[in-house]
Every structure is written in structure tokens, then in C-alpha cells.
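Open the structure in your viewer and follow the stops below. Each one says what to select and what is there.

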Amino acid sequence: MLKKIDYYIIKKFLGTYIFAIILIISIAVVFDINEKLDSFMQAPLKAIVFDYYLNFIPYFINLFSQLFTFIAVIFFTSKLADNSEIIAMLSSGISFKRLMVPYMISAAIIAGVTFLLNSYVIPPASVTRIEFLNKYVDNKKVDYASNVQLQVSPGVIAYINRYDDRTKTGYRFSMEKFEGKTLRSKLTAESVRYDSAYHWIIRNYTIRDFNGLREEFRQGKVIDSIITIEPADFLISRYDAELMNTTQLREYIKRQKERGASNVKPFEIEYETRFASTIAAFILTSIGMSLSSRKVKGGMGMNIGIGLILSFSYILFSTISSSFAVSGSMSPRLAVWIPNIIYIIIAIYLYTKAPK
């Protein structure tokens, strides 16, 4: 059962975590306003506050949650050590292992909230934030694609030479049906227009059916067809992974892989990151507590400095390893989890050294 000392540590941990968030978010908002001031002059104040910043703040908190966690642990634990409170706890018979329990409970609370925010709260909020950015700051929306090739269903391959989302129209469209390695049917068309719910309107089409050495040839002006692809399957921007909750993201990756799409790596990285960042709360808490629990000469400055170096190195390492996944040099899962694996080893080493 939790004791009074546990509640004391949890209160200190979460209180410092919230204080660090408020402090750093305030600085981040000031810098962001300064960077986008010219664009904000064209936007209504209501949209800036409610459409952008109301959704920007949770996004930023979640993005740097590991940093906030590490800073909180280093800061308040160093203060406890500096005031000889940890020495008193250990002298009263509390083991270092038992002292870690309230830290892990606090990390679990942060990890749980972070995962819920990252998976189900921030994605729908990001839709509004990114729409604001596209409208008033810098339009990153992808409305054009070329050389699109997707597997509609097993043995059915669709190709669009050029697609314009503004008119919902693709040009030089073809769809081939195979049985094994044998081509059974091929449809070519001058254009194809997306209507809704997999409904496509094909114009100026030619259908060739192959049956052994025989070939049947048909032509027409317009035909309505159900093709189980939609523009969202190939109009991909770097923001799209952020707009899906974890369930949608998992289904999207599965569907795109089945269709043979080659643009799923950013989505796989985002999916794996949501779980890896949750585990990172426990890893960084263990490292921070092990580093700063000892009273050192000169106060907490050294501990805070080491903590900041380690936290920034973790974020930098995560960014670098993710770039290997994007380039295809490494699988997204391995690239995302490598920093956690390395820092788990560091955490175990520091944890075993700390009681001594």
C-alpha cells in the first residue's frame, strides 16, 4: 500500500512536471507568435486562439513529454537530495528499490495520459490546427500526384499517370486484372474522376479481355465503376500520420501494405513512436532518479546539466534513427525502438550503481 512518503514524492514529481510544462510552453508560444506574426496579421483572433493555439499546446506538450518528464525528475530529486531528504528516507529503512515505486507510479500516470493524448485526443485536434496552418501560414496540403500504382484487390492493379485533387480527376488511367502471372483483362481510359465512397466515373475507355489466343475488344464514352481506392490512399503529406488516431493508423498501414504502396514508412514511424514514447517515460524517470538521488558538492547544477544533456541526446538520437527508417536503411520498428533499448541499458547501469 502507498504511504505518506509515496504521496509526497508523487505530488512533487507531478507538480514539477506541470510547472516545467507551463514554463516551457510559455516560452514556446512566444517564439511561435514571433515566427508567425506576419501570417497571424491575416487571420482572425478567434481562429488564432481556438483553432491554432488551443490545439498547438497539447501537441507541443506531447511532442516534448519525455523532456518535461526528465527535467521534472532531475529538478525535484536533486532538490530532495540537496535538502538531505533522500538520505533521511534511506536511513529510516526505505530501500532504494522501494524509493523507486512512487517514481514509477508517477511515470505510469504521465505515460498513460501521454498515450491517450497521442492516440485519441491530439489527432482530431491536429486536423483543425493543420487546416489553420494550410489556410493562413503555409499550405502543405498535397493536391497532386503522378505515376500512381496501387493494388485494388488481389490480382487487380490500377495506374494513374497524373491526378489533380482540385478537380478530382486522374488522367491516363489503366486497370489490369491478373490470374497468377497471366493477364486476363485490361481497361485503359483517357480520364477517371472520383465521385464518392469508391465511386469512380471512367471516360473514353477501352476494355480488352484475353482468353487464351482470343481477345475481346470494347469501347465506350462513360462508365460508372466501384474501385476500392480513394485519393487519400495516394495523396500523402507529412502531416497525414498525425491526423489519424492509433486505430485508424494501424488499419491504414495494413491497407496500404496490402496494396503495395511504398509511402507507408512515415506512418509506421508515427505508429511505433506512439508506443515507444510511452515506454520512454519509465526509462527517463529511472535514469533521472538514479542520477540525481545522490547529494553532490556544489548543489543541483551538475545534475540538471547532465540531465539536460541526456534528455536532448535522447531526442536527437530518436530523430536520427527515424531518418534511417525513412531512407529505407532500417525497419521503422527497429529505428524507433533503438534509442529506448540503448537508454534501457543506461538506466539499468545507473540504477545498479545508485545505491552504492
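A crossing is left-handed if the near helix is turned anticlockwise from the far one by less than a right angle, and right-handed if clockwise. This is a predicted model: local features need pLDDT of at least 70, side-chain atom pairs count only at pLDDT 80 or more, and totals for chains, interfaces and linings use all residues. Residues are numbered from 1 along each chain as its sequence is written, and side-chain values use heavy atoms, without hydrogens and water.

**Stop 1: two helices**

Select residues 96-137, helix 6, and residues 265-292, helix 8. Helices are DSSP runs (H or I, at least four residues) numbered from the N terminus. The two axes come within 9 Å and cross at roughly 155°. Axes are lines fitted to C-alpha atoms over the stretch in contact, and angles run from 0 to 180 degrees between N-to-C directions. Helix 6 and helix 8 are therefore roughly antiparallel (angles over 145 degrees). Their crossing is right-handed.

**Stop 2: the largest pocket**

Select Leu63, Ile269, Glu270, Thr273 and Ser322, which lie nearest the centre of the largest pocket. A pocket is an open set of points on a 1 Å grid over the protein atoms alone, where a 1.4 Å probe fits, with protein on both sides within 12 Å along at least five of seven lines; lining residues have an atom within 4 Å of a point. The lining has 31 residues. Helix 9 gives the largest share, eight residues.

**Stop 3: the second largest pocket**

Select Lys141, Leu235, Ser237, Asp240 and Leu243, the closest to its centre among 20 lining residues. Helix 6 gives the most here, with five residues.

Terms used:
Parallel < 35°, antiparallel > 145°, perpendicular 65-115°, else oblique.
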